Amino acid sequence: NRAVWLDIAAPLNSIRLAGCRDDRPRLDIPTASEEDTLLTNETAFAQCINRVEEHPDSITNREELAALYVSHANEPVLAIQQYEYLLGMPGATEKQQVAWLNKVADIQVKSGGTHEEARATLQRVIDINPEGAGATRAQSRIMRLSIEIRAANKKNAPLKLERREEDLGLM
């Protein structure tokens with residue numbers, strides 16, 4: 001059986017597809033350059049801003065614009081303004097308000113905001129409904145806020161390596 005298998009497999013290894021030549025130049029697939037990425041981001045911003053101007057009370061458009069401000073433009077203040085606008089809209093549910101305030105706290109922590117700013121934002125979550133689940137999560141987050149801020153600051157700091165002269169080796 002094994003000999004038969006090898007006899008069948010040998011011709012399969014040497015088969016070439018009809019019309020394929022190895023000496024032809026390969027097709028290079030273009031990759032997205034940084035300019036293309038910037039242009040795409042600018043286009044996304046322009047489209048999103050136009051949608052917000054056309055429909056200023058659209059929750060989805062405002063949330064998308066805030067996300068673009070944070071992720072692509074590195075403008076945390078403008079992102080927070082979008083969430084504050086949403087928080088001021090009549091008819092926003094408790095769940096939405098808690099989610100938006102948590103996003104504001106995330107932005108404050110990740111963008112280098114102070115402990116007091118993030119704490120005040122999380123206190124607003126508690127003030128919405130002190131007995132709710134969001135308030136419980138906000139309270140526990142306040143207790144570990146300094147750790148969260150330290151971790152966010154470490155991600156932004158460059159890694160410092162120390163050069164040693166002595167050979168530590170195995171002792």
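This section walks through the helical architecture of the protein, its helix packing and a few individual residues.

The structure is a predicted model, in which local features need pLDDT of at least 70 and side-chain atom pairs count only at pLDDT 80 or more, while totals for chains, interfaces and linings use all residues. Residues are numbered from 1 along each chain as its sequence is written, and side-chain values use heavy atoms, with hydrogens and water left out.

The secondary structure amounts to 8 helices and 0 strands, where helices (H or I, at least four residues) and strands (E, at least two) are DSSP runs numbered from the N terminus. Read from the N terminus, the order of elements is α-α-α-α-α-α-α-α. Of the 171 residues in the protein, 26% are buried; here buried means under 20% relative accessible area, exposed means over 50%, and partly exposed lies in between (1.4 Å probe, protein chains only). Among contacts (heavy atoms within 4.5 Å) between residues at least 6 apart in sequence, 44% join residues at least 24 apart.

The crossing of H4 and H5 is left-handed, a term used if the near helix is turned anticlockwise from the far one by less than a right angle, with right-handed used if clockwise. On the H4 side, the contact is made by Pro 76, Ala 79, Ile 80, Tyr 83, Leu 86 and Leu 87, and H5 contributes Gln 97, Trp 100, Leu 101, Lys 103, Val 104, Ile 107 and Gln 108. These residues of the H4 contact with H5 divide into 10 nonpolar, 2 polar and 1 charged, with Ala, Val, Leu, Ile, Met, Phe, Trp, Tyr, Cys and Pro counted as nonpolar, Asp, Glu, Lys and Arg as charged, and the others, Gly among them, as polar.

H5 also packs on H6: the axes of H5 and H6 come within 9 Å and cross at roughly 170 degrees, which means that H5 is roughly antiparallel to H6. Residues of H5 in this contact include Val 98, Leu 101 and Ala 105, and those of H6 include Thr 121, Leu 122 and Val 125. By class, the contact of H5 with H6 has 9 nonpolar, 4 polar and 3 charged residues.

Leu 101 is situated in helix H5 (residues 94–110) and counts as buried, with 2% relative accessibility. Beyond neighbours within four places in sequence, Leu 101 is in contact with Leu 87, Thr 121, Arg 124, Val 125 and Ile 128.

Next in order, helix H6 (residues 115–128) and helix H7 (residues 133–143) pack at an angle of about 155 degrees with their axes 8 Å apart, so H6 and H7 are roughly antiparallel to each other. H6 passes H7 in a left-handed crossing. Here Arg 119, Leu 122, Gln 123, Val 125 and Ile 126 in H6 meet Gly 134, Ala 135, Ala 138, Gln 139, Arg 141 and Ile 142 in H7. The contact of H6 with H7 has 6 nonpolar, 3 polar and 2 charged residues.

Leu 145 lies in helix H8 (residues 145–156) and is buried, at 0% relative accessibility. Not counting residues up to four places away in sequence, Leu 145 touches Val 109, His 115, Ala 118, Arg 119 and Leu 122. The C-alpha atoms of Leu 145 and Val 109 are separated by 8.5 Å, although the two are 36 residues apart along the chain.

Turning to aromatic rings, the count comes to 1 aromatic pair. The rings of Phe 45 and Tyr 69 have centres 5.8 Å apart and planes at 40 degrees, so the pair is tilted; rings of Phe, Tyr and Trp (its six-membered ring) pair if their centres lie within 6.5 Å, and planes under 30 degrees apart count as stacked, over 60 as edge-to-face and the rest as tilted. The pair links distant parts of the chain, with Phe 45 in helix H2 (residues 34–54) and Tyr 69 in helix H3 (residues 59–71), 24 residues apart. Phe 45 is buried at 15% relative accessibility, and Tyr 69 is buried at 14%.

Finally, Asn 74 sits in the loop between H3 and helix H4 (76–88). Phi of Asn 74 is near 55 degrees, a positive value in a residue other than glycine. Most residues other than glycine have a negative phi. Asn 74 counts as exposed, with 60% relative accessibility.

Conventions:
Axes are lines fitted to C-alpha atoms, for helices over the stretch in contact, and angles run from 0 to 180 degrees between N-to-C directions. Angles under 35 degrees count as roughly parallel, over 145 as roughly antiparallel, 65 to 115 as roughly perpendicular and the rest as oblique.
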